[in-house]
Amino acid sequence: PGGLVRRKFLEKSGINSSFAIYQDATGNALDRILSLTFGIGTLNAFETTFEDEVYSDLTGERSCLMGLIQGAFKAQYDVLRENGHSPSEAFNETVEEALVSLYPLVNENGMDWMYRNCSTTAQRGALDWSKKFEKALKPVIEECYNSVKTGKETEVVIAANKSPDYREKLEAELAEMDDQEIWKVGKILRELRNKSISDLKIAK
């Protein structure tokens, strides 16, 4: 997202970028594109082709980057709630620990490091269940990739955006997600997390 690129730039940080060179008439295309890439604060630049970027990016957005995560978060949250766990506990064990505690460790040191530095209970269970989830998810992701590669996903996007009431339908879908209990709880907990100790009124 453009807003994140700007925010990271102002923080003297950055995000990853991908680049592709289809035609290099001057012989300077690589130098120019890398200058632009690192000029906006990119930390890692990944070379690709336009075709490969389309296939991998659209699959990623529908799977691990957005679609799969929303589906997995909501599925686990709902299971915990249906089994009597409180909203705050279900959110903490589903979203909060993932985004605040564990995912940053994967980003900093790798998945194996995160596993090595968790409890034995977490290690054993995660190692065993990861294989079950991989087996269950791979066919779905393959279906998604094939839908991207055949152009079906592009057709869906173009058809949706051509609809005169697309914006209204989109807002309705996003409002439905926003209205899910899991994200209502998230808003409350983020507000509490962002309060400093001095903001909290402690009874004397």
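A: A disulfide is counted where a pair of cysteine sulfur atoms lies within 2.5 Å. The model is predicted, and a search of the whole structure finds 0 disulfides in it. For Cys64, the closest cysteine sulfur belongs to Cys144 and is 9.9 Å away, so the distance is too far for a bond. Cys64 has a relative accessible area of 48%, which makes it partly exposed. Cys118 is likewise in no disulfide, since the nearest cysteine sulfur to it, that of Cys64, is 19 Å away. Cys118 is partly exposed at 22% relative accessibility; the cut-off for buried is under 20%.

Helix 3 itself covers residues 50-62, which is 13 residues. At 1.5 Å a residue it should span 18 Å, and its end C-alpha atoms are 18 Å apart, so expectation and model agree.

Side chains of opposite charge can pair when their charged atoms come close. Here the criterion is a side-chain nitrogen of Lys or Arg within 4 Å of a carboxyl oxygen of Asp or Glu, and the structure holds 10 such salt bridges. One of them joins the side chains of Arg62 and Glu61, at 3.8 Å from N to O. Arg62 is partly exposed, at 27% relative accessibility. Glu61 is partly exposed as well, with a relative accessible area of 29%.

Another salt bridge is made by Glu181 and Arg81, whose closest N and O atoms are 2.6 Å apart. This pair links distant parts of the chain: Glu181 belongs to helix 10 (residues 181-194) and Arg81 to helix 4 (residues 67-82), 100 residues apart. Glu181 counts as partly exposed at 35% relative accessibility, and Arg81 is partly exposed with a relative accessible area of 28%.

Lys184 and Asp179 form a salt bridge too, with 2.9 Å between the closest N and O atoms. The relative accessible area of Lys184 is 41%, so this residue is partly exposed. Asp179, at 48% relative accessibility, is also partly exposed. Back at Glu61 and Arg62, salt bridges that share partners join these residues and Glu153 into one network.

The aromatic side chains come next. Across the whole structure, 4 aromatic pairs are found. Phe91 and Trp183 form one of them, with 6.3 Å centre to centre and 85 degrees between the planes. Ring centres must lie within 6.5 Å to pair, and planes over 60 degrees apart count as edge-to-face, so the pair is edge-to-face. It links distant parts of the chain, from Phe91 in helix 5 (residues 87-109) to Trp183 in helix 10, 92 residues apart. Phe91 is buried, with 1% relative accessibility. Ring pairs also bring in Phe73, so that Phe73, Phe91 and Trp183 are linked into a cluster.

Trp183 is also a contact of Gln70, a residue of helix 4. Not counting residues up to four places away in sequence, Gln70 touches Met177, Gln180 and Trp183. At 17% relative accessibility Gln70 counts as buried, because the value is under the 20% cut-off.

A charge over a ring is found elsewhere. Lys132 lies over the face of Trp129, 4.1 Å from the ring centre.

To return to the opening point, the search finds 0 disulfides, while it counts 10 salt bridges and 4 aromatic pairs.

Key:
Residues are numbered from 1 along each chain as its sequence is written. This is a predicted model: local features need pLDDT of at least 70, side-chain atom pairs count only at pLDDT 80 or more; totals for chains, interfaces and linings use all residues. Side-chain values use heavy atoms; hydrogens and water are left out. Buried means under 20% relative accessible area, exposed over 50%, partly exposed in between (1.4 Å probe, protein chains only). Helices (H or I, at least four residues) and strands (E, at least two) are DSSP runs, numbered from the N terminus. Rings of Phe, Tyr and Trp (its six-membered ring) pair if their centres lie within 6.5 Å; planes under 30 degrees apart count as stacked, over 60 as edge-to-face and the rest as tilted. A charge sits over a ring if NZ of Lys or CZ of Arg is within 6 Å of the ring centre and within 35 degrees of the ring normal. Contact means heavy atoms within 4.5 Å. The expected span of a helix is 1.5 Å times one less than its number of residues.
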